[in-house]
Amino acid sequence: MRIRSLRKTRGWSLDNLAERAGISPSQLSRIETGHRRLSLDQLTAISAALGKSLDELVESADDSDIVIRPDRDDSRGLTTWLLSKDNGPHGLTVAKMRISDQAGGGVTPDDLGVHPGRDWFTVLSGTVVLYLGERVIRIEAGQAASFSTMTPHAIRSDRGPAEILCILDHNGERSHLHH
């Protein structure tokens, strides 16, 4: 809730806003500190007094819903930026991945994963090697791949880090992002 920061930005005291919103200063103080639940009538009155929409009033006061921080998985040579929140459209997850685990000598059968669903990705920079069953497919920047994840698969970078943008269904998200 952004009530306090919006009030202070205007240079208003607690009493000023309380008077404009038609509520007591003690109620407003408890609302700002989270010690009192806010009724819809109070929310509407405070919103009108501050000249802000309800959306603007209740948006997060910190940057946790704005800044996307990377999640590093050094054991798999992967850095992930989760771009969709709380299951994106149609239960899909969108993520940007930086793959530093290089193809080198290939992969072993233990490296290949399998799970229900489909994966889709486009290469933003670098080149990736997609191991798909017995096939080895190089995918370069500007190209995309889509495949059934019931086929054993692994993705590695080729001669340096690569970045991909991927769309995963629920099974793909669980398999690729939560190891």
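**Salt bridges and a ring pair**

Mentor: Seven salt bridges turn up in a search of the whole structure, each being a side-chain nitrogen of Lys or Arg within 4 Å of a carboxyl oxygen of Asp or Glu. This is a predicted model, where local features need pLDDT of at least 70, side-chain atom pairs count only at pLDDT 80 or more, and totals for chains, interfaces and linings use all residues. Residues are numbered from 1 along each chain as its sequence is written, and side-chain values use heavy atoms, with hydrogens and water left out.

Trainee: How many residues apart in sequence are the parts that Arg 4 and Glu 32 tie together?

Mentor: The side chains of Arg 4 and Glu 32 form a salt bridge, 3.4 Å from N to O. Arg 4 belongs to helix 1 (residues 3-9) and Glu 32 to helix 3 (residues 25-32); helices are DSSP runs of H or I with at least four residues, strands are E runs of at least two, and both are numbered from the N terminus. The pair therefore ties together parts separated in sequence by 28 residues.

Trainee: Is Glu 32 buried or exposed?

Mentor: Buried means under 20% relative accessible area, exposed over 50%, and partly exposed in between (1.4 Å probe, protein chains only). Glu 32 has a relative accessible area of 16%, so Glu 32 is buried.

Trainee: What is the geometry of the pair Phe 121 and Phe 147?

Mentor: Rings of Phe, Tyr and Trp (its six-membered ring) pair if their centres lie within 6.5 Å; planes under 30 degrees apart are stacked, over 60 edge-to-face, and the rest tilted. By this rule there is one aromatic pair. The centres of Phe 121 and Phe 147 are 6.5 Å apart and their planes at 80 degrees, so the pair is edge-to-face.
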